[in-house]
Each structure stands twice: as structure tokens, then as C-alpha cells.
Amino acid sequence: MLAPFTFARLQYRSGNWDTDQRMPSNLLHSLVEYTTVPVVEQEKVVSLESTDIFRYPFCYLSGHKLVQFNAKEKANFTRYVQNGGFVFVDDCNHDIDGLFARSFEEQMRVCFGPKALKKIPNNHALYSSFFKFEEGPPTTSFELNGWGDDLVHDYLKAYEVNGRIGVLYSNKDYGCEWDYDFRNKRWLAEDNTKFGVNILMYALTS
């Protein structure tokens, strides 16, 4: 029997990590609705300084502000990813030149080298891990409204370990896009959390 999936959110000392607080329960509801994966109903906040992160195959990291890992956070983040963990990182500013983007991408260079993050093609397995997204990452309403850098990002970036994504990085602000009570999904023409299901299923099965 599968162990229940826990949505683990990474707490880091710099910046602001506690964004989009309704999003995890929304994605967990979708995981239950569309798949047979058992879930823990509440997200788990895990300090990046703690070895507790190694208990979870999936972690989420987000924010608007500075990301600057201390020595313990850097060591744990690097070891977690290199040993098969999956981190979904989402820029709440959806801005390729904003403070979160610049500082997080610098942390990736510090942890994994200057060419760590690379654009992933739209035929990547991520886009067919459960639902089919033939055109790559779906847009968000925040991009279309011109908030942030006023661009629609037609790609995601990733750091891969042995051909598998270890860090999935988004400037699209999916966290804010999915930050609503799951009971309101019935008003949507199309459930916009389906791509979140793909991310979770890729992390759990790849």
C-alpha cells in the first residue's frame, strides 16, 4: 500500500516562504479527485535547515523576496536534490528580473554550477505525466493581465539529475493561480489545477 503523499513546503530564513496558503489544499483535493494517490490532508512546513526534508519526495519553495541560503540550507538543498528529491520552485512575482528570480537563480548557480537551470522542451515527460499539455506549460491569469514583467513565459526551467527533474522552476506564479478554495473550482470552465496534478505525479512516479 502506498504511503500517503505529504505536500511539504520549505521554510527558509531569508525572504518570505509562506505564500499562497490555500494552494496546497487545492492541489491535494485535485490529487484525490483525479488519481488514486492517498494524501495527508494538511501541508507540512519543513525547515530547509532540518534533515526532516529527506523524509519527503516532493517539496515546494516560493516567495516574493530575497532567497539566500545559509550554509545548512545550501547543504541540505543540494543533497536533497542530488539524492533524488524533487523541488517545485515558483516565483510569486512571475518576473524574470525580479528579486526572487535573480536571487534564487544565483542560489542554483552556487549549489549546482553556472548552467544548472535549463529550459525544458514542451514535449518533456512532465507535460504528459497525467494530463496532456501539448503546448507546454499553461499560462496563468497573472501573466495575461500584464502583472510582473508583462511577459507570458512559454517555458519552464529545470535542473536535472540523471535525466530526471530535481528542481522545477517557474516564473509563471502557479502558486497564486491556484490559491483559492477548492470548492470554487466548479465555477471554472477548465480546472486550472490539472497541471499541478502533472507536477505532483511526475515527482512521485519518475
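This is a predicted model: local features need pLDDT of at least 70, side-chain atom pairs count only at pLDDT 80 or more; totals for chains, interfaces and linings use all residues.
Close-up 1. Cys111 itself is buried, because its relative accessibility is 13%. Now look at Cys176: the closest cysteine sulfur belongs to Cys92, at 4.6 Å, and that is also too far for a bond, since a disulfide here needs the sulfur atoms within 2.5 Å. Cys176 comes out as partly exposed, with a relative accessibility of 21%. Search the whole structure and you end up with 0 disulfides.

**Close-up 2. The open sheet, strand by strand.** Going across the sheet, the order reads E2-E1-E3-E4-E7-E6-E5, which makes 7 strands with mixed pairing. The edges are taken by strand E2 (44-47) and strand E5 (118-119); each has a single partner strand, so one side of each lacks a neighbour in the sheet.

**Close-up 3. Strand E7 and its two partners.** Which strand runs parallel to E7 (residues 164-170)? That is E4 (residues 86-91), joined to E7 by 4 bridges. Along this pairing, Phe88 has Leu168 of E7 as its bridge partner, and Asp90 sits opposite Ser170 in E7. E6 pairs with E7 too, but here the strands run antiparallel and 5 bridges hold the pairing; Lys157 is found opposite Tyr169 in E7. The hairpin of E6 and E7 has 2 residues between the strands, and Asn162 in this hairpin adopts a positive phi near 55°. How many residues of E7 are buried? The count is 7 of the 7, so E7 is largely enclosed by the rest of the structure.

Close-up 4. Zoom in on the loop between strand E1 (8-11) and helix H1 (23-34), and you'll find Asn16. Is Asn16 buried or exposed? Its relative accessibility is 16%, so Asn16 counts as buried. The side chain of Asn16 makes a polar contact of 2.9 Å with the side chain of His64. Leaving aside residues up to four places away in sequence, Asn16 touches Ser62, Gly63, His64 and Lys65.

Methods
Residues are numbered from 1 along each chain as its sequence is written. Side-chain values use heavy atoms; hydrogens and water are left out. Buried means under 20% relative accessible area, exposed over 50%, partly exposed in between (1.4 Å probe, protein chains only). A polar contact is a pair of N or O atoms within 3.5 Å; within protein, one must be able to donate a hydrogen and the other to accept it, and residues adjacent in sequence count only if both atoms are side-chain atoms. Contact means heavy atoms within 4.5 Å. Two strands pair if DSSP finds at least two bridges between them.
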